[in-house]
Amino acid sequence: MALLHLVYFSDVLGVQTPVDVILPEGKQGIGVEAAGEAELPKVLYLLHGYSDDQTIWQRRTSVERYAAGYNLAIIMPGVNHSFYCNEAYGERYWDFVSQELPEMMHRFFRLSDRPEDTFVAGLSMGGYGAMKLALCFPERFAAAASFSGAVDILSTAKRHEDGWKRITGGKSMRGTECDLFHMLQENSSALHKPRLYVSCGTADFLYGQHKKFIPALKKADWDVTNYEEPDAVHEWGFWDREIRKFISFCFDK
């Protein structure tokens with residue numbers, strides 16, 4: 001796999017912006033399975049959590065090795081502490097990740113643009129971002145995953161009220177595109193819905209949000225696979241296992 005540390009000028013953010021990209025190669029080094037290159041690579045947008053950046057998935061997991069046999073490109077953007085939202089007193093990170101990022105990645109690289117070849121996943125804050133993309137734009141993705149996701153944005157914002165004023169401007173997110181429970185109802189009748197994979201450890205501090213989210217998804221008739229690992233907490237050993245499982249999930253039709 002080829003690893004690229006890309007920096008380009010984002011018109012949406014108005015600044016030079018880093019994105020890390022893993023691209024498949026026809027041949028690999030010793031001990032790594034190679035994938036063929038008969039078709040354009042499929043694409044996984046892989047989102048980071050609150051305390052991290054676009055480099056973290058490479059540093060803390062073996063995601064490159066897990067993806068090597070699948071002809072899969074991995075796009076890893078950085079969004080700071082934005083929760084993948086347009087900030088009231090900051091930057092338009094939702095416009096960046098939902099609109100500009102895919103446009104620029106397909107401009108720079110030869111990648112499949114078919115919905116059936118496009119996936120999104122993330123952990124914690126990134127799990128929220130992945131679900132937000134899947135629920136707001138279900139026609140774009142074949143599968144989406146949240147690992148230990150902060151999926152109840154209203155609960156998360158209430159716990160960190162002062163810090164959220166930069167994002168919300170003091171307004172409630174209830175009933176907006178930032179409210180996943182609202183969006184899964186809004187798009188419950190979408191003609192195309194991605195398969196969802198949602199997981200969390202039973203000892204994770206976000207497990208309560210996970211337990212609330214799963215029945216809401218099922219009630220709104222979304223195809224969701226729920227996995228709860230006993231005693232697992234908010235840590236990279238769990239997420240390393242989960243990204244490996246999700247990559248297999250994407251190709252297991």
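The following note goes through a predicted protein model point by point, from overall dimensions to single residues.

1. Basis of the values. Because this is a predicted model, local features are reported only at pLDDT of at least 70 and side-chain atom pairs only at pLDDT 80 or more, whereas totals for chains, interfaces and linings use all residues. Residues are numbered from 1 along each chain as its sequence is written, and side-chain values rest on heavy atoms, with hydrogens and water left out.

2. Overall dimensions. The protein has a radius of gyration of 17 Å, which agrees with the value near 18 Å that a compact globule of 253 residues would have; the radius is taken over C-alpha atoms, and the globule rule is 2.2 Å times the number of residues to the power 0.38. Along the principal axes, the C-alpha atoms fill a box of roughly 50 × 40 × 35 Å.

3. Secondary structure and contacts. The protein holds 9 helices and 8 strands, where helices (H or I, at least four residues) and strands (E, at least two) are DSSP runs numbered from the N terminus. Of the contacts (heavy atoms within 4.5 Å) between residues at least 6 apart in sequence, 73% join residues at least 24 apart.

4. Buried residues make up 55% of the 253 residues; buried means under 20% relative accessible area, exposed over 50%, and partly exposed in between, with a 1.4 Å probe and protein chains only. The protein exposes about 11,400 Å², of which carbon and sulfur atoms supply 49%, the areas coming from the Shrake-Rupley method with a 1.4 Å probe, and for residues only the protein chains shown count as cover. The mean positions of the 27 positive and 34 negative charges are 3 Å apart; Lys and Arg count as positive and Asp and Glu as negative, while His and the chain ends are not counted, and each charge is placed at NZ of Lys, CZ of Arg, CG of Asp or CD of Glu.

5. Helix α3. Spanning residues 93-108, helix α3 bends by about 45 degrees at E100, with a proline, P102, following within four residues; the bend is the angle between axes fitted to the seven residues ending at a position and the seven starting there. Both E100 and P102 are among the buried residues of α3, which also include Y93, W94, F96 and M105. The cover over the buried residues of α3 includes the strands β1 (2-10), β2 (15-23), β3 (42-47) and β4 (72-77), together with helix α4 (125-136).

6. Positive phi angles. Most residues other than glycine have a negative phi. N80, in the loop between β4 and α3, has a positive phi near 55 degrees. S148 likewise has a positive phi, near 50 degrees, and is found in the loop between β6 (143-147) and α5 (153-159); S148 is buried, with a relative accessible area of 0%.

7. P41 sits in the loop between β2 and β3 and counts as buried at 12% relative accessibility. Leaving aside neighbours within four places in sequence, P41 is in contact with P24, N71, A73, R110, L111 and S112, and its C-alpha atom is 9.5 Å from that of I74, which lies 33 residues away along the chain. D52, in the loop between β3 and α1 (56-60), also counts as buried, at 17% relative accessibility, while D52 and E64, 12 residues apart in sequence, are separated by 18 Å, C-alpha to C-alpha.

8. A232 lies in the loop between β8 (224-229) and α9 (236-251) and is buried at 6% relative accessibility; apart from neighbours within four places in sequence, A232 is in contact with G201, T202, A203, D204 and F238. The C-alpha atoms of A232 and Y207, 25 residues apart along the chain, are separated by 10.0 Å. K245 belongs to helix α9 and is partly exposed, with a relative accessible area of 33%. Not counting residues up to four places away in sequence, K245 touches Y197 and Y227, and the C-alpha atoms of K245 and Y197 are 9.7 Å apart although 48 residues separate the two in sequence.
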